[in-house]
Amino acid sequence: RNDGEQDEEAGVAGGYASYEPPNRHRSLVRPERAEKAAEGSERQRGLSRGTGSRRPRVSASAPRNRQRKQQQAVAAKKTRRCCASPWLAYCRIVTFWAPGRVLKCFGMAEPLVQLAWREKMGLVSIILLIMGVIAFVTFGLQQVLCGLSGQQTRVKWNDVGNGYAVVNGRAYDITQYKHADATPWTGGTGANLMGEPANAGGKDLSFLFQNPNDACRGVLTYDKSTTDSKGNVVNVFPCVYYNNSNSINTNQIPDNQGCHNTAKARNALKKLTNSPVEYSWSDVKDQRNLVVFKGSVLDLQRGQFLLGTVKMPKEMQELVDGKMRGMDVSLYLSSGHKKDIGNCMMDIFSVGSIDASSMGCIAANIVLYVSLIIILGTVLAKFFMAIYFGWFMGPRLGQVKQFTPEDRRNRQAEIEAWADDNNHYGKEQLDRKYTVLGHGPYDSQSRANNRKSRFFPTTSRYSHFMPGDEPGARDKARPTTRPRPTSMMPRQSAFFSDHRASHYSTSQVLVPEDAPAVSGIDVQALALPPGPPVPAVSPWNFDLAYTLLLVTCYSEGSHGIRTTLDSLCGTDYPASHKCLFIICDGLIKGAGEDMYTPDVCLSMMTDFVIPPDRVQPYSYVAISQGAKRHNMAKLYAGYYSPNENSPKHARENKVPMVLVVKCGTPEEAGDAKPGNRGKRDSQIILMSFLQRVMFDERMTELEYELFNAMWNVTGVTPDNFEIVLMVDADTKVYVDSVTLMVKSMVDDPSIMGQCGETKIANKTDSWVTMIQ
């Protein structure tokens with residue numbers, strides 16, 4: 001080479017010397033991009049060696065890069081929180097009673113695990129708080145808003161028994177009262193008023209406790225011979241019992257011995273347990289002598305028993321004579337002198353209170369009624385919407401053929417009989433040919449024995465091997481990082497090889513005659529994925545859409561998984577446009593099972609693209625905390641293998657099947673549930689993969705191999721799949737459910753999700769299933 005070329009290469013080498021690759025984990029870079037980066041690094045080293053310079057050149061942009069990093073570090077320090085977020089502070093306050101040392105004693109040694117537990121307790125506390133608020137609104141709001149008026153017990157006017165004595169509209173409990181002083185009409189000292197000679201039980205004693213010198217001062221006119229120096233009088237009525245009649249016995253208690261006008265007598269009355277006497281509006285209207293003033297019921301009939309030395313004003317006399325009886329006179333006596341008349345009447349004529357609610361009780365009732373209306377409205381709205389959907393919209397939604405009312409009734413009866421047939425129980429005898437743990441007819445020990453029995457070599461430098469089948473691969477530990485080729489061609493996937501399963505024909509690579517030769521590339525070793533399958537003619541009046549049938553497994557039994565997969569494969573949707581996608585959440589063995597759940601699923605597959613014992617685990621980022629974020633999964637591709645009891649449609653069609661087994665990292669091999677990360681993580685594996693496929697984003701190694709596996713087993717790239725049906729491994733679907741749901745989404749692209757009607761197959765097995 002000439003000097004100009006050497007100078008140019010030296011300049012390129014100087015540019016590469018200042019380049020720093022992005023600090024990303026290998027699992028977050030597409031394999032083909034990683035190989036290009038490796039080839040670029042190799043070229044950089046070659047160019048650096050070609051210059052003959054011992055000291056790498058530094059480009060002019062290096063100081064700017066360092067300055068930018070320093071500015072970013074300063075900005076990160078400024079934006080860093082000086083204290084914990086409100087949510088974390090709340091969680092720590094709620095769990096103050098559980099310090100970190102105590103949590104370590106319960107197996108939570110890592111700070112992130114402790115933080116996750118504290119956040120769960122914070123969520124639980126919020127749930128309990130919401131439950132408490134709902135319980136308070138339901139049961140406590142009425143008591144708080146009503147106050148004393150709501151808590152007070154009222155006595156109906158016609159329910160006053162012998163244990164009560166009524167005074168000015170209140171019923172006093174006299175069952176335990178003993179009169180202090182001895183009088184002829186009460187008996188000896190400490191005598192009970194319910195017995196002889198008083199017999200006051202159930203009587204109205206308002207005339208014995210008169211108060212004429214308060215509100216009635218200035219309203220009633222008294223004879224000067226009955227007043228003292230201050231104008232006060234002892235009584236305005238005879239001090240006798242009142243029996244709600246048109247006459248009283250004025251000689252019942254002679255010489256006004258029954259008048260209790262001293263402060264001592266009134267204080268003794270106030271100490272007794274008492275309740276207001278209640279009248280309803282119908283009672284007021286039925287008894288023509290009653291009126292209502294400011295919520296108090298007044299007996300105007302008592303006006304005729306006033307002493308002759310007492311004179312009433314004209315307005316009061318008109319009311320006593322019968323004006324406005326049975327009515328509310330609060331507005332009539334609302335101002336001026338009439339208001340004083342009303343207050344005086346309330347002191348001397350009161351017999352009880354009108355049945356009314358306080359503002360607090362009214363507000364509480366409004367809140368309860370509004371809540372009831374909202375709840376009932378929601379329930380009834382959903383009920384009538386369900387009826388409308390079932391009677392009018394449902395028959396037309398996703399309809400692939402015309403149904404008569406008789407056909408609908410027959411179909412509904414078939415569904416009920418199908419749902420009641422609970423065939424998830426039982427145990428199937430499976431022939432375990434392979435295992436996710438690596439033991440089988442193709443394991444390393446079997447191949448070692450086969451190699452020992454052969455004298456001549458069976459491979460050469462031109463041979464192509466399956467993953468993990470290279471010479472010496474089983475005798476050495478798997479390297480942490482795979483060697484990267486130096487060519488510009490992308491890495492060949494493990495699922496595209498000349499040694500695929502026998503049911504695939506070897507793909508031929510067409511190379512143009514004028515194509516330039518690429519040094520170091522064996523073009524014939526490259527195998528393209530199979531072409532797309534022959535398009536199936538839609539038997540219905542809509543275009544078929546590729547659909548993934550996602551099943552998440554955990555610890556289900558073999559018979560239950562078989563029932564689920566049979567129902568999915570037995571649907572009348574064409575097998576050319578559906579693919580089973582099974583995800584096993586860890587190496588779990590169900591109760592009473594002989595095989596791990598992944599081994600059960602693996603035994604239900606056939607025609608593998610790669611023999612199961614040659615499958616390698618791939619890393620991915622899981623939804624978890626700490627070291628659990630790193631997880632590994634094995635990928636199997638093939639076809640579903642039905643048994644003799646499978647539906648006819650499942651036995652006659654070959655349904656593609658992809659199995660993802662979350663096997664965990666080598667560090668958790670001794671754990672109870674290696675690889676287990678939860679159902680949400682299983683769903684995210686597929687949804688994240690589809691997102692990267694649809695938007696052409698970079699993939700992890702697992703997603704890259706999944707792309708090629710689906711392409712190989714279905715004949716179309718994964719971006720052709722538009723719909724995902726998600727079910728659990730203990731669920732079965734009806735034969736036409738997939739077809740109806742797919743047609744609905746094809747007919748209306750605005751539909752983003754659907755949910756079928758769920759029925760409980762074991763609803764009568766136990767009380768636990770009955771309450772569902």
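Guide: Let's begin with residues 517-527, where pLDDT stays under 50; for this stretch the model has 18 contacts beyond four places in sequence. This is a predicted model, and residues 474-490 also keep a pLDDT under 50, with 25 contacts beyond four places in sequence. Across the protein, pLDDT averages 78, and 74% of the residues score at least 70.

Now to the packing you asked about. The largest nonpolar core holds 75 residues, and the members that touch the most others are Leu565, Leu580, Phe581, Ile582 and Leu659. Strand 14 (residues 630-640) gives this core its largest share, seven residues. Nonpolar side chains tend to be buried together in soluble globular proteins.

Setting aside neighbours within four places in sequence, Phe581 is in contact with Leu549, Leu550 and Val551, with Val658 and Val660, and with Leu686, Leu706 and Met710.

One more stop, if you like, is Ala116, in helix 6 (residues 111-151). Its relative accessibility is 25%, so Ala116 counts as partly exposed. In sequence, Ala116 and Gln625 are 509 residues apart, yet their C-alpha atoms are 8.3 Å apart in space.

Conventions. Residues numbered from 1 in each chain as written. Predicted model: local features only at pLDDT ≥ 70, side-chain atom pairs only at ≥ 80, totals over all residues. Heavy atoms only, no water. Core = buried A, V, L, I, M, F, W, Y, C linked by side-chain atoms within 4.5 Å. Buried < 20%, exposed > 50% of the residue type's maximum accessible area, 1.4 Å probe, protein only. Helix = DSSP H or I, 4+ residues; strand = E, 2+ residues; numbered from the N terminus. Contact = heavy atoms within 4.5 Å. pLDDT = per-residue confidence, 0-100.
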